[in-house]
Amino acid sequence: MILPIATIVQQVPLGAFLGLGLTLFIMGGVGVLIRRNPVVVFMCIELMLNSVNLILLSFARYLPSGGAGESPMNSAVSGQMMVIFVMAIAAAEVAVGLGIIMAIFRSRNEVDIDDMSLLKS
Amino acid sequence: MPDTGFGILSLLLAAPLVVAILIGLAPGKSHGAIRAIGIGGSGLIFLMSVIGLQGFDGSTHRFQFVESLPLIPQLGITYKLGMDGISYWLVLLTTLLTFLSLIFSVYVKERVRAYFALMLVLETAMLGVFLALDGILFYCFFEASLIPMALLIAVWGGSNRRKAAIKFFVYTFAASIFLLAGLIVMAIQLQQATGVLSFDILALQAAAAEGILWAAHPALQMTIFIAFAVAFAVKCPMFPVHTWLPDAHTEAPTAGSIILAGVLLKMGTYGFLRMGIPLFPEASLEAAPVINLLAVIGIIYGALVAARQVDVKKLVAYSSVAHMGFVMLGIFSFDSNGMIGGAYQQLNHGISTGGLFLLIGLLYERIHTRLFKDMGGLKAQMPVYAMLFLIMMLSSVGVPGLNGFVGEFLALMGSFQSALDGVVDMPIALPIIAATGVIFAAVYLLIMFQKVFYGPITNPMLSRLKDLKRWEVGLTMCFVALAFLGGILPNIFLKPMEASVDAVRRMAIEAPGPNKIKWNEPAPTAMANTGEVN
Amino acid sequence: MEAANYQAIYWVILLPLLGALFQTLVGKAMVQRSPGLGKLVSGGVAVGTVLAGFGIGLFHHLRLINDPGSVKAATITYFDWINLAQLHIPVELRFDALSSTMVLVITGIGGLIHIYATRYMAEDKDFTRFFAYLNLFVAMMLILVLGNNLALLFVGWEGVGVCSYLLIGFWHKDLANSRAANKAFITNRIGDVGLALGMFWLVALIGGNREVLGLTDARWLSYDVLIPAASQLLSQFPHETFWISLLLFVGAMGKSAQFPLYVWLPDAMAGPTPVSALIHAATMVTSGVVLLNRVSEIIALSPAAMSIIAGVGAITALLGAIMAWGQTDIKKVLAYSTVSQLGYMFIACGVGVFYAGMFHVVTHAFFKALLFLGSGSVIYAMAHNQDMRNYGGLGKKLKITYVIMGIGYLALAGLPFAFSGFWSKEAILGPAVNDTATLPLVGGLTVGAVAGWVGFLVAFMTAFYMTRMMCLTFGGKTERWREIEPAHHDDHGHDHGHAHGHAHDDDHGHEMDPAFFMTEEEAHAAAGHDDHHHHDLDKTHEPKEVPWLMWAPLIPMAIASFGLIGVWMYGDVWKAPHPHPFEGFLHSAEVVTAKNGKVEGGSALAPRNLEDHGDDHGKEEKKEKGVDTNTLVLVSALTFAGGVGLGLALYGRRLPASEGFDLSKWNPIQKAAGKQLYLDSALSGGSSKGVMGLASAFKVFDKGVIDGLLVEGPPKVVRAVGGLLTTLQSGFVRGYAALMQIGIIALVAYFAYVVSQRGGQ
């Protein structure tokens, strides 16, 4: 039988989501640290953000759906709202960040982040 | 009294900004258009202030042209403007000096657009300080005036301008933080006393007059007064927090020096008159001996240090320290004559020192030096210039018939009387020593005049110098005419401020109670506004 | 007394003021366009305004004398100067005997000096500037004497100080002149501060007691309010009276060159000679006496203050006379003589005969202005050399000047009966030696009496040094300038500051903006105008009598110096020494004012002393005990004869070798006298060194301690700490990221720990 995807997901335990989220987050974090290409660093940051999104959503799934009289802060909606916020900010961040990278590339013809040390004392 | 909506004061406040925007929109790189807009605009603003404020009634201490608009009602912050006798002349002085210094500014050749725009923004900020009737609004304008001035120094200043600008900014900014903190504490005190959170100066004054403002925590009054006094004393500047002034004055462009001496320093003394004394009646009276002592030290110290300067602008800058000492001495005499003298001396210092800076600027444009060793013997070469300089110098010395005398005379007389009658608990020696300050004023100013004008010409460059041009003479004559007017018919200036200054005095020396000065009748606007919101 | 009758008196002040304005705005342009006509017109205007003022003054003076009213004083109010709740100072003039006398002296002598100056200054480039200043001075001096309140007096007081400053430094190319001008102004300011403080105290006193006095108007500085109120109040406060009187006297000391504030007056001779005559002899320096006359009722209440005034007067008179003896500069002799004579006037005030002080002001104004102008003529004739050692035998060359100056000399030396100086001096010294009101000093004599006897000593010395001056200048047969070789450059006493400091241009690569600078040709053309020939005194010089414009104005002064004026004013001294007619005239107004006020009794205004207010019997008795008039006249005659005799004996034929150019041959006392007994270097040199030293110390303190340590110290600390921290900034971005991550992990761990401790709450 083909179960609806929602049902399948419901059967996956919370720990699995959290584990996946943690794995992705660590991958992102390590990537940020070890890669020297700022574009890749960006992608790693996106990875971290999305891992957090995943965790938020999975928690939201296990919260009550927020009926009348319940504060929206404690309901599933809050986690989903948070995700949308994060995505919006991530988009903005990418726009600005890529802009900065482009500007740096234009002026220096290379984008190795280890060479970007003008702020060094 | 209309208490809402916009009136002449808001118009006055907005006009320089409008002109600044127009300057921003002026076509292309045409300096002519920018100058025309700037000078014409500031001239119109001056006319507007003269004509628009004609309805001012000097016979009452009540605020006039009051405008009120709640800005952040939750925090008790109101956009409230108003004018009384103390601010009346300072507003006119501001618009006039901005106009005159912009005329001089045709000598500015670099970044003309930004320069003119900044000067006009500065004008708005200065007017705001004198017109604001809300503590936070006052604070905002107080700080806002720093930025354009610091930029003027940093961009168009002399050789050491960066350091001077930073020093000026950090020094005065750091001091005014105390003002903000004090304001907040005071507003909370008001809330505890009356249940209304408000920064409205009138409401605060009314509470202070009734003696309820500090009733809950009497010890707090002195603490907060000190916080206010630090902010204002740095601005004045009083000894020993004066050292930003010589640097700022020396490095500032001429127009900046005129504004700095003419208006910016007055914010400090104005702050004392507007808030320092009426809001802290007991504390200000108690602190008066110390403040008078500092003022007297400033008078003597400033004069003596001035006598040893080798840079003409620095000399005049130190003379400002001495002159502002007289202002403070007058204000903190708590004597009827003395306080009016102090308040009047504010204007006089603006005119005489402003005039001197203008004249020094005119010479600087020619010979590009401010050092005495490069001058000398100019009396033969530039007789008209010498005569104008002489008159402004004598005004600064305080020769009767010119404006400087009246203020100094009244301030010293008041201080002497106050010490004699024990209004302020200070030794009689203090005003006597202060009086000897006028001797030292003669010393350093005559030294200056001698070094610039007497003797043979030693700098060969000077021997080919032409005298002032017509328009420069005309510009300087504005200052000269005002100096004579203020000396011969001082009543024109004294009468409108008498009632307001006397109200401030009575705030300090009369016992608090319901019969003390009424500040916000007939319409207690501030209370009503903020009351409804909460 | 109708004030309206005297309404027009303000023209006396206004005319010279307009004259000054005319010189500045119109005259200068005219002279630039056509020097000859321009100087004629502007000189004419300058003289005209002052002489017109004299006419107006005379008209009002006669009206005052013939006024049928009993109060011979009019107060005319024009407009408010300062009108505050606690202080009301209107611009009001007081026309009474004192001010009208001074108006006549100022405009009369001033007008004559203006005439003289039109010729004396004719070649000067700054002709109009000179007359602008001089006219302004006359106006200010008139404000001083005519003002009806102390504040207006103060306006004139400082105003004449400014004019004096400007005129001393008139020849501005010589820095020495500028220094003398600064010295004069600053020394005067010391006095001004005293006067101002005295005024403040009076205001505080009267203002504080306004209910007691029943005053409604705040015109507390106006004489008609001030004098009665102050004398009523102060009689209860001897301490305050003393200090107020002393402060007012300090003001008078500054302006009237009393010891120790006299130091500026000799230096003030750097100004042109007409200035010395008008300002530093006839008018400004006597304003201290005018002030003391105005406030005589207050001062008279304090015997201690009176003693100080008399004592200072005596010291000044003596010092001036000693120093005059050591001078070689003809103008300096007269300057010290002025100091000495001013001392007399203060002796008069100190012993309570204020009117006699005024009397001496008037007579002295005439003969001293005469002497100064005469010396100016001599200097003019001698190519602006002022050193008497270069003169000699001029009596034959400058006959008119010689005769005229001779009259002035006799008046100053005090030839009995014939000359005015004798009468006014007698009017002072007579009461002084009989004085009993001031504090006792030695041997039963009071300070005033000692001052009187010192006065006689000074009279002897005056006759002596004036004889010396006349002999060295006009007497003898040797024409000493014949010994000067043409090449010899005498650096003594250049009256004219024509030393050109004109340096030739050499542009060291300066960018000269043509908008601001002249071309080289224009500069030369501009400088060329004042490049007129000026030759030094040498043996080729032939002194000629000065132009008539320079001796004619002296004739009225010479006439006035004759004793006739003294006789008229003094009445017959032998029969009725009291009251003095001049006293009666001078104080007619105040007597009535005093009656209107609180003081009862006749001549309370100029009390000889405190006990005998108008008590003639008491005075007669004292006269009998004291030195009688005949003896005094005899003593006077003896001092005159002795002084002149000694002078003639020493200097009659030649310049003694001990007073030549070789200073080492001088006798030490006279040498010291010539150097002001080293008082000047001690007083003004010392104080200026002290002040400037303090100023330097303050400057260092300001730069080092306040600015360096307190202001720039904290930022330095911040910078140092920041410097340490900057080493953390490696510039390795991934390092930062790692650090951040570690930090976040640590934080999370910490919070997790905290939460777990609380049991998951």
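How many salt bridges does the rule find across the interface of chain C and chain A? The rule finds 1 salt bridge there. The structure is a predicted model, and the values below are computed from it.

The salt bridge joins Asp114(A) and Arg734(C). The closest N and O atoms of these two residues are 2.7 Å apart. This pair counts as a salt bridge because the limit for such a nitrogen and oxygen is 4 Å.

In contact across it are 11 residues of chain C and 13 residues of chain A. The rule also finds 4 residue pairs in polar contact between chain C and chain A, with both residues of each pair at pLDDT 80 or more. The size of an interface is often given as the accessible area lost when the parts come together. For chain C and chain A, the buried area is about 920 Å². Carbon and sulfur atoms give 55% of that area.

Chain B can be looked at as a whole. Its secondary structure consists of 21 helices and 2 strands. The C-alpha trace of chain B spans about 70 × 60 × 40 Å along its principal axes. Does the radius of gyration point to a compact or an extended chain? For 534 residues, a compact globule would have a radius of gyration near 24 Å, and the 22 Å of chain B agrees with this. Of the 534 residues in chain B, 69% are buried.

Where does Gly330(B) lie? Gly330(B) is part of helix H13 of chain B, which runs over residues 312-331. Is Gly330(B) buried or exposed? With a relative accessibility of 0%, Gly330(B) counts as buried, because buried means under 20% relative accessible area. Leaving out residues up to four places away in sequence, Gly330(B) touches Gly338(B), Met339(B), Gly342(B) and Ala411(B). Gln345(B) is 15 residues from Gly330(B) along the chain, and the C-alpha atoms of these two residues are separated by 8.6 Å.

Note on methods:
Residues numbered from 1 in each chain as written. Chains lettered and ligands numbered in written order. Predicted model: local features only at pLDDT ≥ 70, side-chain atom pairs only at ≥ 80, totals over all residues. Heavy atoms only, no water. Contact = heavy atoms within 4.5 Å. Buried area = accessible area lost by both parts, 1.4 Å probe. Salt bridge = Lys/Arg side-chain N within 4 Å of Asp/Glu carboxyl O. Polar contact = N/O pair within 3.5 Å; in protein donor to acceptor, adjacent residues only side chain to side chain. Helix = DSSP H or I, 4+ residues; strand = E, 2+ residues; numbered from the N terminus. Rg over C-alpha atoms; globule rule 2.2 N^0.38 Å. Buried < 20%, exposed > 50% of the residue type's maximum accessible area, 1.4 Å probe, protein only.
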